[in-house]
Amino acid sequence: MKSSCESSDREDCRDDAAAFNLKFVAIASILISGIVGVAIPLIGKHRRFLKTDGSLFVATKAFAAGVILATGFVHMLSGGSEALDNPCLPEFPWSKFPFPGFFAMVASLLTLLLDFVGTQYYERKQGLTRATEEQGRVRSVDEDSDSGIVPVLEIKDRNVKVFGEEEGGGMHIVGMHAHAAHHRHNHPHGQHACEGHVKEAGHEHGQGLGHGHSHGFSDGDEESGVRHVVVSQVLELGIVSHSIIIGISLGVSHSPCTIRPLIAALSFHQFFEGFALGGCISQAQFKTQSATLMACFFALTTPVGISIGTAAASVYNPNSPGALIVEGILDSMSAGILVYMALVDLIAADFLSKRMSCNFRLQVVSYLMLFLGAGLMSLLAIWA
């Protein structure tokens, strides 16, 4: 066992020359898959059948969410457990406590905190922008008043609630369409609610000082935009954190038998992760330059990791205690981030929406795609 911990060489199926060539194939395949996956939603938003509010996009995004969920649970968490339970590590403390699950839990809670803080930051930023616009309108009204023209102004509710706030001041879970949940008691339920959703004319609640809130293109869309901005950035953080580790793991391998199945698995995985991320970026409506930078950063991460691993293959020992600890912690934390993002910001956000509940066919197709994506990605664990 000591000799196996001191050497990373696998005598079975070891071929340095063939492995080196396969790494270039892996870089090209994974790079193309990532670019195509992330580009489809960004380019497709200008095509009718690929728009982010279309049923095809929702169903494909459900499949991608299943892929990400299986990546977290089946691939990353098990990889973290394998590394931190390795006999090459000292018995204390690594065999005395379930560290993989602990690090995954910590990462999920930190992601929730980051999600919440990011949402609050962007909402306050938008609030300041609105306040500046209101001040500009007030100045304009004052000038018109001086000239004898008094326009009729819409009276706003001064008691404005922040995103997700209930009457008692409580907050809904970030990412669960808190806006819809908060106003659900004021909407009709069942078939009438779905009819109102289909007809959709931007109805308004109440009159006067009661509840001057419209569901057209205003507060709801702004809150949804804030959520998409935060989700896309946090999702990219989670993807990047595990993509580097995956790339390095492939890059340091000397075995073609290990690399070949990894090429197929990672290309499949990268394509659908890119699709989910590209969809979030598209829904967030970033400027073209920002969207392009985020897409390129995602697409290049795993190939860069492979390049780093290839360069360090001669001196890097993945069975050394330091490498196992770093790999195990990062894999476990990546699993926590991916599971949180898949369940809260991708699956729950779409599957608990009014649109999904009002379209039975979309429900059936989306659930099938979700289970299919999770199942296929889990199945790949047999080979990679």
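Helix H9 (residues 256-284) packs against helix H10 (residues 288-312) at an angle of about 165°, and their axes lie 11 Å apart. H9 is therefore roughly antiparallel to H10, a term for angles over 145 degrees. The model is predicted: local features need pLDDT of at least 70 and side-chain atom pairs count only at pLDDT 80 or more, while totals for chains, interfaces and linings use all residues. Residues are numbered from 1 along each chain as its sequence is written, and side-chain values use heavy atoms, with hydrogens and water left out.

- Axes are lines fitted to C-alpha atoms, for helices over the stretch in contact, and angles run from 0 to 180 degrees between N-to-C directions.
- Helices are DSSP runs (H or I, at least four residues), numbered from the N terminus.
- The crossing of H9 past H10 is right-handed (the near helix is turned clockwise from the far one by less than a right angle).
- On the H9 side, Gln270, Glu273, Gly274, Leu277 and Ile281 meet Ala291, Met294, Ala295, Phe298, Ala299 and Thr302 of H10, with contact meaning heavy atoms within 4.5 Å.
- Seven nonpolar, three polar and one charged residue make up this contact of H9 with H10 (Ala, Val, Leu, Ile, Met, Phe, Trp, Tyr, Cys and Pro count as nonpolar, Asp, Glu, Lys and Arg as charged, and the others, Gly among them, as polar).

**Cavity**

- The whole structure holds one cavity of 30 Å³ or more (on a 1 Å grid over the protein atoms alone, a set of points where a 1.4 Å probe fits but cannot get out).
- The largest cavity has a volume of about 30 Å³, volume being the space filled by probe spheres set on the points, which are joined across faces, edges and corners.
- Its lining consists of Val58, Lys61, Ala62, Ala65, Leu346, Asp350 and Phe351, where lining residues have an atom within 4 Å of a point.
- Helix H3 (55-84) and helix H11 (321-351) each supply at least two residues of this lining, and H3 has the largest share, four residues.
- The lining of the largest cavity has five nonpolar, no polar and two charged residues.

**Second largest pocket**

- The second largest pocket has a volume of about 1,200 Å³ (a pocket is an open set with protein on both sides within 12 Å along at least five of seven lines).
- It is lined by 40 residues, of which Glu82, Ser249, Thr258, Leu262 and Glu327 are the closest to its centre.
- H3, helix H8 (219-251), H9 and H11 are the elements that give two or more residues to this lining.
- H3 gives the most, with eight residues.
- By class, the lining of the second largest pocket divides into 22 nonpolar, 13 polar and five charged residues.

Conventions:
Angles under 35 degrees count as roughly parallel, over 145 as roughly antiparallel, 65 to 115 as roughly perpendicular and the rest as oblique.
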